[in-house]
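I opened my notebook to record what I looked up in this structure. The entries follow in the order I made them.

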Amino acid sequence: MRGEYKVLGGKLVAVDVDVEDGRLANVSVSGDFFLEPDEALQDIDAALNGMPATASVEQLSSAITGALDPGVQLIGFTPESVGVAVRRALGKATGWADHTFDVIPATVLPPVQHVALDEVIGQEVAAGTRRPTLRFWDWDSPLVVIGSFQSYRNEIDPDGAARHGIDVVRRISGGGAMFMEPGNCITYSLVVPSSMVEGLSFERSYAFLDEWVMAALADVGINAHYVPLNDIASDKGKIAGAAQKRFAAGAVLHHVTMAYDIDADKMLEVLRIGREKMSDKGTKSANKRVDPMRSQTGMPRADILATFTSSFLARYSSELSSYRPEELELAEQLVREKFGTTEWTHRVP
């Protein structure tokens, strides 16, 4: 069996391995990485031979670390990356090439329904009733979406929200607030099986699941890079923030919001925390707009969404899809029973 793992910003690690009597055998690690001294490669192979086939990435990584002399230099890869490659060889961890994805183009829905669909599709992917899914949001009304653990009263100025007719909804993932008016940002949700982040730390999983959008951003003329823990930036500053939710049943929700053309004055009247963040950036002028995607690409928002969709379809095994009637019905039910309720929205006062 063979497994491969490409280290973000690093090198490719490959592992060939057999399993005999429930243990790893004939392990052979290879790749385009650098290793000093050369003899350490045999030490890595020897550390893995005889390990239980059920060993986790952490256990495999620890075995490698314990077998290497302190002076050994691993350049372009890590013990953890070898562990991920082993797990992939055994079919326990998966990568982009191991799945076919559903891609749902931007569909106009009430924004609170998109929040509910994150939970609906997350549960479906975990249950295996829907393939891994990338879906783009589009919406018909303004909304602030706060993170699962944010304090409502610390984030929201109720007078400002009422003055501008902007409602507030709490999502299932952590992270910061999303100030969403029609056409002002680009938001997507990616739901994948937990096997795709097997053995990856939270930080590495963010970078791994952002891989495709870095290529998509290049397609619209932006040279972007990942900024730990959950930001995407260009050479002109931050353009996006990501958030995750891991479902115990076996799926990961990873969603990203990119600022296209946001009215910062209005946002600062609605978001309390936003005032502090913007003050740190020296933003004091009136009518200031946060518009990295519009100004850096010069493209209409709809064209960026279309390019992102095409980029993903070209990069991975994937097919265009749409929402099933039962998914929309379940999302509407969740809005009534959960996401649209005061109890949920004010869960953290």
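Which way do Leu 143, Val 144, Val 145 and Ile 146 point from strand β8? I checked this in a predicted model. Leu 143 and Val 145 point one way, and Val 144 and Ile 146 point the other way. All are buried.

Next I looked up the partners of β8. Strand β9 (residues 167-170) runs parallel to β8, and four bridges join them. In that pairing Val 145 stands opposite Val 169. Strand β10 (residues 178-180) runs antiparallel to β8, with three bridges. Here Leu 143 stands opposite Met 180.

**Entry: the β1-β2-β3 sheet**

I turned to an open sheet of three strands, in the order β1-β2-β3, with antiparallel pairing.

I then followed strand β2 (residues 12-20) into β3. The two pair in the antiparallel sense over seven bridges. Glu 20 stands opposite Arg 23 in β3. I also asked what lies across this sheet. Helix α3 (residues 79-89) lies across β1, β2 and β3, and runs at about 140° to β1.

**Entry: α4 against α13**

I looked at one helix pair. The axes of α4 (residues 111-127) and α13 (residues 325-339) come within 8 Å, crossing at roughly 115°. The crossing is right-handed. On the α4 side I listed the contact residues, among them Val 112, Val 115, Leu 117, Val 120 and Ile 121. On the α13 side they include Leu 328, Leu 330, Leu 334, Val 335 and Phe 339. By class, this contact has 12 nonpolar, one polar and five charged residues.

**Entry: the whole chain**

Last, I took the overall view. I counted 14 helices and 18 strands in the protein chain. The radius of gyration is 22 Å, close to the 20 Å that the globule rule gives for 349 residues, so the chain is as compact as a globular protein of that length. The C-alpha trace spans about 70 × 45 × 40 Å along its principal axes. Of the 349 residues, 53% count as buried. Among contacts between residues at least 6 apart in sequence, 71% join residues at least 24 apart.

Terms used:
Residues are numbered from 1 along each chain as its sequence is written. This is a predicted model: local features need pLDDT of at least 70, side-chain atom pairs count only at pLDDT 80 or more; totals for chains, interfaces and linings use all residues. Side-chain values use heavy atoms; hydrogens and water are left out. Axes are lines fitted to C-alpha atoms, for helices over the stretch in contact, and angles run from 0 to 180 degrees between N-to-C directions. A crossing is left-handed if the near helix is turned anticlockwise from the far one by less than a right angle, and right-handed if clockwise. Contact means heavy atoms within 4.5 Å. Ala, Val, Leu, Ile, Met, Phe, Trp, Tyr, Cys and Pro count as nonpolar, Asp, Glu, Lys and Arg as charged, and the others, Gly among them, as polar. Buried means under 20% relative accessible area, exposed over 50%, partly exposed in between (1.4 Å probe, protein chains only). Two strands pair if DSSP finds at least two bridges between them. The radius of gyration is taken over C-alpha atoms; the globule rule is 2.2 Å times the number of residues to the power 0.38.
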